[in-house]
Amino acid sequence: MSNNLSFNINLIVAHKLEATPLIRHFKLRALTQRPYQVFTNGQGLRLIISGMGVRNTVSAVKYISEYQSCEPYLKEGWVNAGIAGHKTADLGICFLANKILHQETGEVYYPSLHMGIKSTEMLITVDKPERLYTQEAAYDMEAAGFFKAAAECSEIELISTVKVVSDNESNSIDAITEGLINDLMVETIDFVEFVMREIKERLNMLNKTLILEQDYMDLTKNLHFSVSQHHQFKRYCQRYHALGKETELDAILKLKQNSARVLLHKLSDALIIQDH
């Protein structure tokens, strides 16, 4: 079996001011300057500065996804971090988006939540800075584009949006300073780290399964599987893996089989024997 597990996480940040505390904390070094500034620690974490707005964010996600450093059948994690306005929440409150509404299109997304995180908010993505706070919700300019683009290249449970409140009805967006942004983003670091740890755990489980499936498919590449047979084959492989019977599975797969149907019968028969 392959041992090439990858735990790559892509951190998407709109502005350099928001990114700097994260770059400093995670000890990231510059990887590219154009068309996007990309930073990495060489251990699976990459940060890209997308620029503000949905279109810039979508382009940045697509750009970094094309430079996936792991095997193409493996998945990567995605985190969008930055500041957001809110109607009533206090400045400095960090939260996870539990619902993302793109105000311009009406599209709604429901991110997967993380165990242990109780601070969650609805997030509305707007195309210009929000000053009226018409709903009891948070406001940003990137999350909807980020989530939609990331979901095209990964699984929903591997995509998260972390924001920190920078302005509200009592604290105007015009009062935001560079120093405030730095301080607020420092406040998000523990929150971001917690989310990334859980995403790594999810990546570990998912990519182990994907590696097993790929290895098993490589052993049977001479056989033609229908769509239903392929799904059945994957279920059998997962069952053998769950039972700790990888050696028996390898032995069956390495035998020359006349057809996918014959192989599936052998896998089924062996499972029946083991279950008894």
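Tutor: We begin with Y133, a buried residue whose relative accessible area is 4%. Buried means under 20% relative accessible area, exposed over 50%, and partly exposed in between (1.4 Å probe, protein chains only).

Student: On what conventions does this reading rest?

Tutor: The model is predicted: local features need pLDDT of at least 70 and side-chain atom pairs count only at pLDDT 80 or more, while totals for chains, interfaces and linings use all residues. Residues are numbered from 1 along each chain as its sequence is written, and side-chain values use heavy atoms, with hydrogens and water left out.

Student: Where is Y133 found, and what is its phi?

Tutor: Y133 belongs to the loop between β8 (120-125) and β9 (138-140). Helices (H or I, at least four residues) and strands (E, at least two) are DSSP runs, numbered from the N terminus. The phi of Y133 is near 50°, a positive value in a residue other than glycine.

Student: Which residues of α1 itself are buried?

Tutor: They are E18, A19, P21, L22 and I23.

Student: Which peptide bond is cis?

Tutor: The bond from R34 to P35 is cis, and its omega is near 0°. P35 is placed in the loop between β2 (29-32) and β3 (37-40).

Student: Which side chain joins that of S160 in a polar contact?

Tutor: That of H114, at 2.5 Å. Leaving aside neighbours within four places in sequence, the contacts of S160 include W78, V79, N80, L96, S112, F146, V195 and I199, besides H114.

Student: How many salt bridges does the structure hold?

Tutor: Side chains of opposite charge can pair when their charged atoms come close. A salt bridge here is a side-chain nitrogen of Lys or Arg within 4 Å of a carboxyl oxygen of Asp or Glu. The structure holds eight of them. One of these links E169 and K87, with the closest N and O atoms 3.0 Å apart. E169 lies in the loop between β10 and α4 (178-219) and K87 in the loop between β5 (77-86) and β6 (94-102), so this pair ties together parts that are 82 residues apart in sequence. E169 is partly exposed, at 47% relative accessibility.

Student: What separates the closest N and O atoms of K163 and D140?

Tutor: The distance is 3.0 Å, and the two residues form a salt bridge. K163 lies in strand β10 and D140 in strand β9, so the pair ties together parts that are 23 residues apart in sequence. K163 is buried at 1% relative accessible area, and D140 is buried at 3%.

Student: How many helices and strands does the protein chain contain?

Tutor: It contains seven helices and ten strands. Along its principal axes, the C-alpha trace spans about 70 × 35 × 30 Å. Of the 276 residues, 47% are buried. Among contacts with a separation of 6 or more, 69% are between residues 24 or more positions apart.

Student: How far apart are the C-alpha atoms of K256 and D167?

Tutor: They are separated by 66 Å, with the residues 89 apart along the chain. K256 is in the loop between α6 (246-254) and α7 (260-275), and at 77% relative accessibility it counts as exposed.

Methods:
Polar contact = N/O pair within 3.5 Å; in protein donor to acceptor, adjacent residues only side chain to side chain. Contact = heavy atoms within 4.5 Å.
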